[in-house]
Amino acid sequence: MRMKNKKLISLVCLLSLAAACAVPVLAAPTGNVSGVIEQTWSSAAAQIKTVVNNVVFPALDMILAILLFVKIGGLYMDYRKHGQLEWTPAAILFAGLIFSLTAPSFIWTILGI
């Protein structure tokens, strides 16, 4: 009987805590949820664009450039060792680097921001 009381008390405490922490959320007096979401997106879109242009794309460019130079060094070493040149991985990295360098100029028009 005592274990049942402990479980019941802990359940009541948990439900009371959940009820106390629950805050009613209202989108607007008219209940227009989509308008609130659109307003939030329009205010955050400029900040997202700035962060992506100033942080994400340069970091991606740096990573791809480092990988390209490492791959070119490895290609040279393989060419000296085996006499064969496998240029496909370097070409793929170069194409990815060119794409990520030019992406900020056209990606936002595609996304409509």
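**Questions and answers on the predicted model**

Q: Why does Ser100 count as buried?
A: This is a predicted model, in which local features need pLDDT of at least 70 and side-chain atom pairs count only at pLDDT 80 or more, whereas totals for chains, interfaces and linings use all residues. Residues are numbered from 1 along each chain as its sequence is written, and side-chain values use heavy atoms, with hydrogens and water left out. Buried means under 20% relative accessible area, exposed over 50%, and partly exposed in between (1.4 Å probe, protein chains only). Ser100 counts as buried because its relative accessibility is 3%.

Q: With which side chain does the side chain of Ser100 make a polar contact?
A: A polar contact is a pair of N or O atoms within 3.5 Å; within protein, one must be able to donate a hydrogen and the other to accept it, and residues adjacent in sequence count only if both atoms are side-chain atoms. The Ser100 side chain reaches the backbone oxygen of Leu97 at 3.1 Å. Its side-chain partner, at 2.5 Å, is Asp61.

Q: Which helix is among what covers the buried residues of α3?
A: Helices (H or I, at least four residues) and strands (E, at least two) are DSSP runs, numbered from the N terminus. Ser100 lies in α3, whose buried residues are Ala90, Leu93, Leu97, Ser100, Ala103 and Trp108. Contact means heavy atoms within 4.5 Å, and, leaving aside neighbours within four places in sequence, Ser100 is in contact with Phe57, Leu60, Asp61 and Leu64. The cover over the buried residues of α3 includes α2.

Q: Which residues form the largest nonpolar core?
A: A nonpolar core is a set of buried Ala, Val, Leu, Ile, Met, Phe, Trp, Tyr and Cys residues joined through side-chain atoms within 4.5 Å. The largest has six residues: Leu64, Leu68, Leu75, Ala90, Leu93 and Leu97. At least two of its residues come from each of α2 and α3.

Q: Where does α2 bend by about 40 degrees?
A: The expected span of a helix is 1.5 Å times one less than its number of residues. With 50 residues, α2 would reach 74 Å if straight, but its end C-alpha atoms are only 64 Å apart. A bend is the angle between axes fitted to the seven residues ending at a residue and the seven starting there. In α2, the bend of about 40 degrees is at Val52.

Q: At which residue does the kink in α3 lie?
A: Helix α3 spans residues 88-111, and its kink is of about 60 degrees. The kink comes shortly before the proline Pro104, at Ala103.

Q: Is Trp87 buried or exposed?
A: Trp87 is found in the loop between α2 and α3. From Ala65 it is 22 residues away in sequence and 16 Å away in space, C-alpha to C-alpha. At a relative accessibility of 56%, Trp87 counts as exposed.

Q: What is the radius of gyration of the protein?
A: The protein has three helices and zero strands. The radius of gyration is taken over C-alpha atoms, and the globule rule is 2.2 Å times the number of residues to the power 0.38. For 113 residues the rule gives 13 Å, and the protein is well over this, so it is more spread out than a compact globule: its radius of gyration is 28 Å.
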